[in-house]
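Here's a quick tour to read with the model open. Keep the sequence handy too.

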Amino acid sequence: MMKAPTVDDVARVAGVSRQTVSNVVNTPDIVRETTRLRVEAAIAELGYRPHAAARRLRTRRSSTIGIHLDPYAGGIAGVVLDRFVHALTESAGERDMRVLLYAARTAEEEIDRLSDLLEGGEVDAVVITGTFHGDPRTGWLNARGLPFVSFGRPWGEDDVEAPAHLWVDVDGAAGTRAATTHLLEVDGARRVAFLGWPEGSGTGDERERGWRESVGAARGPRWVVEDSVSLARDAVAAELATRSDVDAIVCASDSLAIGAHLATALARRTDVRIVGFDNTPAAEALGLSSVEQLPERVASGVLELLMGDGTVVAPRAATAGAAHVLVEPRLVVR
């Protein structure tokens, strides 16, 4: 087995001291440009990777990003976050960062867990998910100066021009807008209904907005139900019994779309076109069109906000008025 190159190998090839190589790796600003370029060329030639554990001791940083792991809830939910965590872990590794998963059942319990991680110096930054109006986690993190990015917007008065912290989110309105436009212009739908969650869910309200802004004169009824396949099935079945004019349904999730699909099958209304949101394997198996969130792009956006160009070890601090990334989803038509 070939021996991994060491700092001494780099120093020999570059014709410099061992300390100079260390300076280039850890504090490149203090090294003359010509010397730095020569050392960097030797690093690239040899494929040298600095020893992560030793670097963590020198910098007194853990090079670790903490992220909450949602408890298993069954059903078809959670696929998007699973893909996101996997993509974040893979991309972080490419930047010499690690990901630490922690569990919590409530926002308050998550704050307690974060307090333990911060006190123990186990993480340099945090990624939180599932933000909501009045989320106590964001204020707690801001007050302690721990760099963090949320997968989900702050849900404040001005999330875009003056957000309270760094955030990345999927443009839910753009997704349902694309779905509605496709149903109208390609499928020739005449009356498009929206099947969504009760008002007050930031994510759900955004997805409804995309439908509302694009449906125009073809606007059908807005049906409300909790995120459940069986509840969606029963609700849509009851509505279709009195609404024969509805020939398309845009849904806030794949769970709702699957329920609507079952209802149309029972009512022998196979002419009704249905579009879900999340593009889960379940929707794919049933042949349902759906909006895909592209969590891999979300993960890239999170790391870009935390680490800039990826060349620094320490994540950037999150401050008021900081940047955001809004990822446009993709409509998958089946």
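This is a predicted model: local features need pLDDT of at least 70, side-chain atom pairs count only at pLDDT 80 or more; totals for chains, interfaces and linings use all residues.

Residues are numbered from 1 along each chain as its sequence is written, and side-chain values use heavy atoms, with hydrogens and water left out.

**Overall picture**

- The protein chain comes to 13 helices and 12 strands; helices (H or I, at least four residues) and strands (E, at least two) are DSSP runs, numbered from the N terminus.
- Of the 334 residues in the protein chain, 47% are buried; buried means under 20% relative accessible area, exposed over 50%, and partly exposed in between (1.4 Å probe, protein chains only).
- Take contacts in the protein chain between residues at least 6 apart in sequence, and 68% of them join residues at least 24 apart; contact means heavy atoms within 4.5 Å.

**Helix packing**

- Two packed helices are described by the angle between their axes and the distance between the axes. Axes here are lines fitted to C-alpha atoms, for helices over the stretch in contact, with angles running from 0 to 180 degrees between N-to-C directions.
- Helix α5 (residues 79–94) packs on helix α13 (residues 295–307) at about 45°, the axes being 8 Å apart. That makes α5 oblique to α13; angles under 35 degrees count as roughly parallel, over 145 as roughly antiparallel, 65 to 115 as roughly perpendicular and the rest as oblique.
- The α5 and α13 crossing is right-handed (left-handed if the near helix is turned anticlockwise from the far one by less than a right angle, right-handed if clockwise).
- On the α5 side, V80, R83, F84, A87, L88, S91 and A92 meet P295, E296, V298, A299, V302 and L303 of α13. The residues of this contact split into 10 nonpolar, 1 polar and 2 charged; Ala, Val, Leu, Ile, Met, Phe, Trp, Tyr, Cys and Pro count as nonpolar, Asp, Glu, Lys and Arg as charged, and the others, Gly among them, as polar.
- Helices α8 (residues 172–185) and α9 (residues 202–215) have axes that come within 7 Å and cross at roughly 35°, again as a right-handed crossing.
- Residues of α8 in that contact include G172, T176, R177 and L184, and those of α9 include E206, R209, W211 and V215. The residues of the α8 and α9 contact divide into 4 nonpolar, 6 polar and 5 charged.
- For α2 (residues 18–26) and α3 (residues 33–46), the axes come within 10 Å and cross at roughly 90°, so α2 is roughly perpendicular to α3.
- T20, V21, V24 and V25 of α2 make this contact with T35, R36, V39, E40 and I43 of α3, a set of 5 nonpolar, 2 polar and 2 charged residues.

**Nonpolar cores**

- Which residues touch the most other members of the largest nonpolar core? They are L195 and I249, in a core of 34 residues; a nonpolar core is a set of buried Ala, Val, Leu, Ile, Met, Phe, Trp, Tyr and Cys residues joined through side-chain atoms within 4.5 Å.
- Elements giving two or more residues to this core are α8, β6 (192–196), α9, α10 (229–240), β8 (248–251), α11 (254–266) and β9 (273–277). The largest share, 5 residues, comes from α11.
- Not counting residues up to four places away in sequence, I249 touches L183, A193, L195, W223, V236, A260, V272, R273, I274 and V275.
- Another core, of 23 residues, lies apart from it, and its members include F84, A299, L303 and L306.

- G66 sits in strand β1 (residues 64–69) and is buried, with a relative accessible area of 0%. Leaving out residues up to four places away in sequence, G66 touches L100, Y102, V123, A125, V126 and V127.
- G145 lies in the loop between α7 (136–144) and β4 (148–151) and is exposed at 54% relative accessible area.
- R268, in the loop between α11 and β9, has a positive phi near 55° without being a glycine. R268 is exposed, at 75% relative accessible area.
- L294 also isn't a glycine and has a positive phi of about 55°. L294 is in the loop between β10 (289–292) and α13, and counts as buried at 8% relative accessibility.
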